Amino acid sequence: MTFYQELQLSSVGSKQLIKSTKDKKEKLRHILIYNFKVYLVMVFCVAVVTLFTKITGSDNSVVGVTVLLAVLVLRQADFGIKTTHGLISIAGIFLILMAGPRFTNTLAPIPAFVVNVICILLLMILGCHNVIMYNHSTFVLGYLLLQGYDVTGRTYALRVAGLFFGMILCMFIFYKNQRKRPYQRKFIDLFKEFNIHSARSRWYVRLSVIVSSAMLIMSLLGLPRSTLFPYTTLFRSLLGLPRAMWAGIACMSVCLPFPNDGIKRAPDRGIFNIVGCLIFMGLYFVLPKSLYPYIGMIGGIGVGYSAGYAWQTVFNTFGALSIASGIFGMPMAVMLRIGANVLGSAYTILCTKLSGWFAQITDNRKNVSADAGGI
């Protein structure tokens, strides 16, 4: 395997290669390449986000994150349709990212819920035809981040410009890497093949509704106390209303194409977010204030070394808490993070089981009707 080929391996692939190599010299070479890759990716990510921040402003660093994630995915993943038609999907995805998050932040909670369902469902249809690729984790995450770090005025115009540039960049990289794919499906087939009775389409709807409703609940509990009930303040502190997107991200992470996989993942999402928060608190108390901005970078390096979901969850916590601690203070940020992720995971499992029960009833009725029609 060449040096370049090893750089393309995932953390799991690199660790398996190191473990399976018996020759000590070769093992050392693989270890060095793996470490080089982790720090190379980290430097590249920091450079891209910094560049976008310089051009579009500090409030738009999330644009750099969104474009970076899309580039890293689209250089390898596809949409299950002709490459030229995939370019239309990319355009549609980025148009939703440009308009959807900003529009929902101008609406009351219930209309925003409806728009969120529509936008997330479209992102799923446009980008997740091949469910094994898990493209949704990139595009829906970008949508939620842009919604959570909203901007207005000239800063929003710069955000749109940054996303437009990212769209062109993704199109170029996607076409360059995927142009030889032999798919015959067309763009319109993404919509033609949507069928509420298929497992894939039901997953689209389930994820869209669960993520959107979780954020709706957070938003409603953030209304003045008199509009709900006397204990709103308590729930507000527990659920993490200032970061409703965290609940949405937790739901998205647990709502997998295969429900049983999501049920297995939910405990890890809650438990290892708590572990991440505890480690973050330790770093926060041990490190001098001058090093606080680098805790997120430590988390990024940790993610690079993590092959499993559990420890990726731990280190992903660092970046989110680094930002939130500067806004709410460390204790509140930790409480919000734990509340949003634990309750978001539990909510997803509850909704998944209810949707499975409802789907079973619907299918049974359909089969009964079909049998009756054949008599």
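Modeller: A note on terms before the questions: helices are DSSP runs (H or I) of at least four residues and strands are runs (E) of at least two, numbered from the N terminus. The model is predicted.

Colleague: How many helices and how many strands does the protein chain have?

Modeller: Counted this way, the secondary structure of the protein chain includes no strands at all.

Colleague: How many disulfides does the structure hold?

Modeller: A disulfide needs two cysteine sulfur atoms within 2.5 Å. For Cys128 the closest cysteine sulfur is in Cys255, 11 Å away, which is too far for a bond. For Cys255 the closest is in Cys251, at 8.1 Å, again too far. The number of disulfides is zero.

Colleague: Which parts of the chain does the pair Arg102 and Asp150 tie together?

Modeller: The two side chains meet in a salt bridge, with N to O at 2.6 Å. Arg102 lies in helix H5 and Asp150 in a loop, so the pair ties together parts 48 residues apart in sequence. Those parts are helix H5 (residues 83-104) and the loop between helix H7 (136-148) and helix H8 (153-178).

Colleague: Which residues do salt bridges that share partners join into one network?

Modeller: Arg185 forms a salt bridge with Glu193, the closest N and O atoms being 3.2 Å apart. Glu193 also forms a salt bridge with Arg200, at 3.6 Å between the closest N and O atoms. The network consists of Arg185, Glu193 and Arg200.

Colleague: Which helix gives the most to the nonpolar patch?

Modeller: The patch on the surface is formed by Val114, Ile118, Leu122, Ile188 and Phe191, with about 390 Å² of accessible area together. Leu122, one of these, is placed in helix H6 and counts as partly exposed at 30% relative accessibility. With three residues, the main contributor is helix H6 (residues 109-127).

Key. Residues are numbered from 1 along each chain as its sequence is written. This is a predicted model: local features need pLDDT of at least 70, side-chain atom pairs count only at pLDDT 80 or more; totals for chains, interfaces and linings use all residues. Side-chain values use heavy atoms; hydrogens and water are left out. Patches are made of residues with over 30% relative accessible area and no salt bridge: like charges are joined within 9 Å, nonpolar side chains (Val, Leu, Ile, Met, Phe, Trp, Tyr) within 5 Å. Accessible areas come from the Shrake-Rupley method with a 1.4 Å probe; for residues, only the protein chains shown count as cover. A salt bridge is a side-chain nitrogen of Lys or Arg within 4 Å of a carboxyl oxygen of Asp or Glu. Buried means under 20% relative accessible area, exposed over 50%, partly exposed in between (1.4 Å probe, protein chains only).
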